[in-house]
Amino acid sequence: MPLPRPFSATLCYEELALYHETVPLSMDNWSLHPHEYDALVANLTRTRTRRLSMRQHRRLSALMTICFAVTPRPLCVDDASAAVLRHPRTAPDGTHSAVDAMCVSLEGLEAVATYFASLPHGPWFLPNVMQDFLAQWHPNTTWFRELLEETEQMSTAAWASAADRALAMELATKLRHEACTAPQPIRDALVRDALNSAHVAVSDWGIRSLTVARI
């Protein structure tokens, strides 16, 4: 006979402190509506013992997974990247936003966490997601250039693991592809911004892209 599923989980004090520090801070930066916050965080503020119900433990684990998955991997966590949770095609079924799916039920929250964790670079490179944000924030392209610069830095950083450097190189390739397939006005703005980058690899890409466009 299989072992029964446990009804509770015991955290160490460090884990409990991490939940109280990280989860509410991320939730605040996700621009949630009050009813969404209540649905996701539940009774975390009243959880002061190390003993959690299994459902609460599952909820917190899923939220932590999403916190780390919304930023394109392998970059460091950036809560501003959580804007992608509002995109209408980021739920696992691709028909509505991840936030909507997360707030329906614990199972929906876990489904989003599992889905995001399975994506090589998180949800930003789901079909048309990056393109929609490029169009939404045009003519502001600074965020995209900074993302590309951070990716290039990670791809050659001595402190990063070989796996993270390879993942960063793949991410840089994906970002350039998104830039090259954007509508002409957006593509031109991205290239002009890249030319002013202090990172040599990014400015060189801008020069090459400008040269190709002129040809």
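In what order do the elements of the chain run from the N terminus on? They run β-α-α-β-α-α-α-α-α-α-α-α, with 10 helices and two strands in the chain. Helices (H or I, at least four residues) and strands (E, at least two) are DSSP runs, numbered from the N terminus. This is a predicted model, where local features need pLDDT of at least 70, side-chain atom pairs count only at pLDDT 80 or more, and totals for chains, interfaces and linings use all residues. Residues are numbered from 1 along each chain as its sequence is written, and side-chain values use heavy atoms, leaving out hydrogens and water.

**The chain as a whole**
- Of the 215 residues, 47% are buried (under 20% relative accessible area, with a 1.4 Å probe and protein chains only).
- Among contacts (heavy atoms within 4.5 Å) with a separation of 6 or more, 63% join residues 24 or more positions apart.

**Where two helices meet**
- Helix α2 (residues 34-41) packs with helix α3 (residues 54-69) at an angle of about 120°, and their axes are 9 Å apart.
- Such axes are lines fitted to C-alpha atoms, for helices over the stretch in contact, and angles run from 0 to 180 degrees between N-to-C directions.
- On the α2 side we find A39, L40 and V41, which meet Q56, R59 and L63 in α3.
- That contact has four nonpolar, one polar and one charged residues; here Ala, Val, Leu, Ile, Met, Phe, Trp, Tyr, Cys and Pro count as nonpolar, Asp, Glu, Lys and Arg as charged, and the others, Gly among them, as polar.

Technical notes: Buried means under 20% relative accessible area, exposed over 50%, partly exposed in between (1.4 Å probe, protein chains only).
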